[in-house]
Amino acid sequence: MQNSDKTIHIRFTYAEDLSEERIELIIKRFVEINKIADYDYEVTRDDSLISGFVFYAMGLRYDYSVKGQLGRISDFIKRNRAVVDESEIKENDISNFTGQEIKESIEEALDKFSERPTSAIYDKRLWATDEEIDADDSITKKSVTKQIKDTLLKVTTIDEVGTVMSVSDGVAVVEGLNKCKATELIYFSSGATGIAMNLEMSKVGVVLLTYADTVTQGMICKRTGETVSVPVGMGLLGRVVNPLGNAIDGKGIIRYTAKRPIESPAPSIVERSPVNKPLQTGITAIDALTPIGRGQRELIIGDRQTGKTAIAIDTIINQKDKDVLCVYVAIGQKMSTIVSTVNTLAKYDALSYTVVVAASSSDSASLQYIAPYAGCAIAEEFMYNEKKDVLIVYDDLSKHAQAYRAISLLLRRPPGREAYPGDVFYLHSRLLERSAKLSQKLGGASITALPIIETQGGDISAYIPTNVISITDGQIYLESELFFSGQRPAINVGLSVSRVGGAAQTKAIKKVGGPLRISLAQAREMAAFAQFGSDLDENTQLQLKRGVVLNVVLKQPQYSPLDMEEQVVVLYLATTDKLNFLAKEDITEFVDDFLDYMHVLYSSILEEIKYSGEFKPETETRIAEIYEEYKTKYVTEHSEYLEE
């Protein structure tokens with residue numbers, strides 16, 4: 001500690017009876033050790049310390065108390081997860097744990113603890129009164145002085161502490177944390193926690209995460225030296241947690257063995273490999289037109305109530321038995337909506353491989369702000385350490401940006417375009433860049449991100465939509481007009497794009513889906529001209545009919561994803577004009593029945609497409625024969641309803 005020209009104020013808090021002489025001696029030794037030249041002090045008593053004393057000086061807290069040491073032991077055991085805690089014993093059969101096992105695990109943890117529980121704090125010489133010194137020959141004033149010096153040198157934890165200057169709207173302004181780092185976790189004496197967001201010369205702006213109502217002016221807080229971390233691991237699968245990793249689904253505690261910081265660097269170019277393996281959504285319009293690869297970031301964008309979340313949920317449901325783990329992050333949604341989503345996932349048996357991170361609209365802006373980062377940390381554990389492919393859905397980043405804007409304005413940061421702070425682009429880029437397909441050296445696993453952005457009035461040129469479009473590898477644009485006209489999913493083929501393209505498609509889908517976009521574009525163009533006249537040549541009528549068929553085929557009920565081999569068969573029928581003989585309202589029934597027919601009688605053909613990923617000429621010929629066989633049967637049964 002450096003000498004200072006100004007007077008240092010020292011606060012000395014103790015728990016047991018000490019004479020004024022003993023207090024002065026302890027303070028004198030303290031200033032000698034810390035080389036403080038000019039000081040004044042105040043003395044207070046606090047029996048909650050149990051035994052020992054605490055110094056507050058120069059913005060630091062020197063904790064020589066039993067209470068402090070017990071707290072450090074408790075934190076150490078929690079961090080190391082070495083002990084079976086009481087709640088686990090209650091949840092499990094008590095016979096699973098013996099008293100000896102618990103005792104041994106505690107002793108094992110204590111052996112690793114850096115401080116000795118039998119420390120100098122407990123030495124009777126430290127607390128001996130003048131009468132005891134006179135009565136006991138083994139205790140001398142010299143030995144007491146030495147014991148005080150040994151205690152001050154050995155048994156301590158030095159915390160950098162600050163004082164709350166003001167607090168309002170979930171933001172505390174703190175002075176004294178001179179060495180605080182950005183996004184560092186701050187503990188308050190009431191048990192509240194917060195993130196250091198604004199670092200200024202004389203004060204720090206701390207955004208409160210928990211127990212914000214308990215923080216008051218004048219309260220002591222301390223640095224932790226670490227950022228916010230969340231529990232990670234396979235124990236989170238099937239659970240609903242808040243952004244701090246605490247269970248909110250009423251299913252008891254979450255068993256985990258590790259924590260991971262919510263902020264971490266994105267993989268470098270060397271650590272990545274090209275995106276070349278498809279992530280099937282089960283939605284034909286997406287898998288054929290805007291394919292998503294494992295490790296890609298595909299934006300889902302559109303106005304409210306156009307089916308954005310429905311696409312994400314369908315994609316999660318479709319990952320069943322595909323060795324893909326899922327993380328669904330709900331940001332700023334009503335809790336009733338989140339509960340409905342969780343129930344849907346459970347209904348379709350998708351919750352068993354999914355983690356739901358929920359920051360509802362009733363949660364603070366700070367929890368909504370950290371939610372996607374917490375979800376990403378959970379996904380990274382699956383990718384890096386479990387070597388699993390992961391799908392993560394951020395629903396949605398518009399509300400995330402709004403939460404960050406609220407925090408920034410409360411911190412008095414200068415507003416920019418649409419009142420968002422200047423670093424709002426960095427907010428999402430540092431999140432989405434963590435999605436990647438890793439190199440084989442790192443295990444070859446991936447995180448595929450489906451961020452969702454809500455537009456206002458179809459304006460995709462607004463600030464946040466253009467930011468996220470520029471970060472992602474493509475977008476799926478959902479249009480209100482298409483949605484209300486009955487085209488669901490309401491994907492605008494012209495504005496939707498995947499920058500990974502065919503690299504993320506199987507050969508079979510690529511082959512049958514190749515003509516799809518051109519056929520849709522031609523049909524749309526012809527439909528625009530057809531409204532001006534009734535006399536249309538045969539080629540024009542064919543293109544219009546083809547467009548009708550394709551639009552019907554691309555319609556898909558919610559929660560009904562199709563397997564890749566089923567999509568191949570459907571697209572083959574649609575793009576080769578084999579459905580043109582049907583009326584518009586009969587197409588869906590014909591296709592569904594044909595798929596059922598193939599599953600029952602010709603499942604081996606579907607299996608061959610599934611496992612080879614190719615649509616071979618002989619397979620095509622065989623399906624054409626099956627089609628003719630089924631068509632004859634269908635025409636016989638429905639002859640009176642068919643189009644002339």
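Which residue in S18 stands opposite Ile 392?

Author: That would be Ala 449. Before we dig in, a heads-up: this is a predicted model, where local features need pLDDT of at least 70, side-chain atom pairs count only at pLDDT 80 or more, and totals for chains, interfaces and linings use all residues. Residues are numbered from 1 along each chain as its sequence is written, and side-chain values use heavy atoms, with hydrogens and water left out.

The protein has 644 residues, and 51% of them count as buried (under 20% relative accessible area, with exposed meaning over 50% and partly exposed in between, using a 1.4 Å probe and protein chains only). There are 22 helices and 20 strands; these are DSSP runs numbered from the N terminus, H or I of at least four residues for helices and E of at least two for strands. Take the contacts (heavy atoms within 4.5 Å) with a separation of 6 or more: 73% of them join residues 24 or more positions apart.

S17 covers residues 389–395, and seven of its seven residues are buried. Asp 389, Leu 391, Val 393 and Asp 395 point one way, while Val 390, Ile 392 and Tyr 394 point the other way.

What does S17 pair with? On one flank there's S15, parallel to S17 and joined to S17 over seven bridges (two strands pair if DSSP finds at least two bridges between them). Val 327 has Ile 392 in S17 as its bridge partner. On to S18: five bridges join S17 to S18, and these two also run parallel.

Zooming out, S17 is part of an open sheet of eight strands with mixed pairing, in the order S12-S16-S15-S17-S18-S14-S19-S20. The edges are taken by S12 (240–241) and S20 (497–498); each has a single partner strand, so one side of each is left without a neighbour in the sheet. At the S20 end, S19 (residues 474–478) pairs with S20 in the antiparallel sense over two bridges, with Gly 474 opposite Ser 498.

H9 touches S14, S15, S16, S17, S18 and S19, and the direction of H9 makes about 165° with that of S18. H14 (residues 463–471) touches S14, S18 and S19, and its direction makes about 155° with that of S14. Both angles use axes, which are lines fitted to C-alpha atoms (for helices, over the stretch in contact), and run from 0 to 180 degrees between N-to-C directions.

Apart from neighbours within four places in sequence, Thr 309 is in contact with Tyr 328, Asp 395 and Ile 452. Thr 309 and Thr 341 are 32 residues apart along the chain, with their C-alpha atoms separated by 9.2 Å.

For contrast, here's some helix-on-helix packing further along the chain. The axes of H18 (residues 538–554) and H19 (residues 564–575) come within 9 Å and cross at roughly 165°. That makes the two roughly antiparallel (over 145 degrees; under 35 counts as roughly parallel, 65 to 115 as roughly perpendicular, and the rest as oblique). Val 549, Leu 550 and Val 553 in H18 meet Val 570, Ala 574 and Thr 575 in H19. H19 also meets H22 (residues 617–638), where the axes come within 11 Å and cross at roughly 70°, which means H19 is roughly perpendicular to H22. There, Val 569, Tyr 572 and Leu 573 in H19 meet Glu 620, Ile 623, Ala 624 and Tyr 627 in H22.
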